[in-house]
Amino acid sequence: MADVIARVGDGLWNAVLMAWEVWWALVLGFAISAIVQAWVPRERVERALAGDGLGPVARATGLGAASSSCSYAAIAIAKSLFQKGASAASALAFQFASTNLVWELGLVLWVLIGWQFTLAEYLGGLVMIALMWALLRFFVSRRDEEAAREHALGADAGHQHPAASTSLPWRERLTSADAWSDVAHNFRGDWQMLWKEILSGFVLAGFIALLGDDFFNGLFLDDAPSAVQTLWGAFIGPVIAVLSFVCSVGNVPLAAVLWSGGLSFAGVMAFIFADLIVLPILLAYRKYYGTRFALRITALMYVTMVIAALVIDVAFSAAGIVPDARPTTNDVFGSIDVDYKLVLNVVASLVFVALIGLTVRRGATDPVCGMTVDKGSALRLEHDGHTHFFCSEHCRATFVARASGREQAHDGGHAHDHDHAAQHGRM
C-alpha cells in the first residue's frame, strides 16, 4: 500500500511540475485569444466564410488561427458557420486552424519540447488544411454536404461566447472597462470549457511517464528501422489521441511524454494534430451532421493528419531540424526554482486574477449552460420578477421552453387536483 501511495504521489507531483512549466504560456495564450474573440465582430466572420473557393478557405484559416483553441468551441462555431452558408471546406479549415494555429498551443509546445514542434505544428496545420481542401470531394459529395447542412440546421445551436460590443474605436477599447469586460468573459469562458481537458492532460502525462522505457520501447518499435518507426508513429499517433480522450492544449503534456518515451517525430505531430477526432468530438459530429457525414469527415481528417505528419517529418529531416536529443522525464517535468519562470508565473497569476475578478464584478451566470456572461452585453429575460442573463439566443430559448413546460405541468397538476376534489365532493 505504501508503494501504491508513493506512485500516486509521484504521478500527481509530475502533473504539478508540468503545470508550473507552462502556466504563464497558457495564461498569455488565452488572454490573446480572448482579445481577438471579444473585439472581432462575429458577423464579419460569418460573411467572410460564405462560398466554396480559395478565398473563403483562406479567410477561415486566418480567422480560426485568431480564435479560441478549445476543440469543443471550434466544432460548435464551425457548425454554426456551416448552418449559415459556409462550405464544408471553410468550416473544416476553421476547425483545423483554431486547434493547430493558435497562440497558446505554440507557446506551450515551445516551452515543453522546443521551437521545432511549434514550427511543425503551424506548418502542419497549413498542410492539413491544403490536403483537406484537395481531398474533400473524394470523401464528401456535394449531395452529402447539403444533407449534412439540413441535419445541422435541425441540431441545437449549442454554446457560444457572449457577443462583444465592437462599436468603440480600437484606441478607446484599450481604456474601456466595457471592452476589457468582454475580453475577461471570453477569457473565463475558454477556461471554463478547457480546464478539465488541461487538467486531464497534466495528470495523464504525469502517470504515463511512470510506465518506464520498456513499455515505450515496445509500443513505438524502437528496435525497428527508422522508416518503419516513422510510418508506425504517424498511424498510431492519432489512435493514441482518440483513446486518451484529451484534446486542445491538454494533449501537449502527453505529447511531451510520448516524445521523451521514443515516439517518432511524425508520430508526435500526428498525435497533436488529432485533437479533432477524440471520441467525445466524434459523437458531437454525429449529432451535428448525421452518421454518414460524420464518418466521412472523420476518415478525411485522419488521412490528412497522417499525411501531414509524414510530410512535415520528411521536410524537417531534409532541413536537418528534427531534434536529435530527446528530453528525459526530468527535463519534461522540470522543477520549481527561483528563476525567470517564477517571475513569469507570478505575472501570469496576477493577469489571471485580474481578468477573472472583472467577470465576478460585472458578470452573471447563464442559468442554462452555466457560463459567466457580462450583464452589459448578454441577452436578458425578465421572468417571475427576476432578470436572467444568457450567452446566446439558444440558451434563452431553452430557458423559455423549460419555463413554459414547468408552468404547463404546474397548471396541469392544479387542474388534476381540482377535478379530483370535485369528484370527491360528488361522492
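Welcome! In helix 13, Asn 251, Leu 254, Ala 255, Leu 258 and Trp 259 meet Phe 265, Val 268, Phe 271 and Ile 272 of helix 14, where contact means heavy atoms within 4.5 Å. By class, this contact has 8 nonpolar, 1 polar and no charged residues. The model is predicted, with local features needing pLDDT of at least 70 and side-chain atom pairs pLDDT 80 or more, while totals for chains, interfaces and linings use all residues. Residues are numbered from 1 along each chain as its sequence is written, and side-chain values use heavy atoms, leaving out hydrogens and water.

**The helix pair**
- Helix 13 (residues 251–261) and helix 14 (residues 265–273) have axes that come within 10 Å and cross at roughly 165°.
- Helix 13 is therefore roughly antiparallel to helix 14 (angles over 145 degrees count as such).
- Their crossing is right-handed.

**Helix 6**
- Glu 104, Leu 105, Gly 106, Val 108, Leu 109, Leu 112 and Ile 113 are buried in helix 6 (residues 103–113), buried being under 20% relative accessible area with a 1.4 Å probe, protein chains only.
- Just after helix 6, Gly 114 has a positive phi of about 115°.

**Nonpolar cores**
- The largest nonpolar core has 105 residues, of which Phe 187, Tyr 285, Tyr 289 and Met 305 touch the most other members; a core is a set of buried Ala, Val, Leu, Ile, Met, Phe, Trp, Tyr and Cys residues joined through side-chain atoms within 4.5 Å.
- Helix 1 (residues 2–39) supplies the largest share of this core, 13 residues.
- Apart from this core lies another, of 9 residues, including Val 373, Phe 390, Cys 391 and Phe 399.

Notes: Axes fitted to C-alpha atoms, helices over the stretch in contact; angles between N-to-C directions. Helix = DSSP H or I, 4+ residues; strand = E, 2+ residues; numbered from the N terminus. Parallel < 35°, antiparallel > 145°, perpendicular 65-115°, else oblique. Left-handed = near helix turned anticlockwise from the far one by under 90°. Nonpolar A, V, L, I, M, F, W, Y, C, P; charged D, E, K, R; others polar. Buried < 20%, exposed > 50% of the residue type's maximum accessible area, 1.4 Å probe, protein only.
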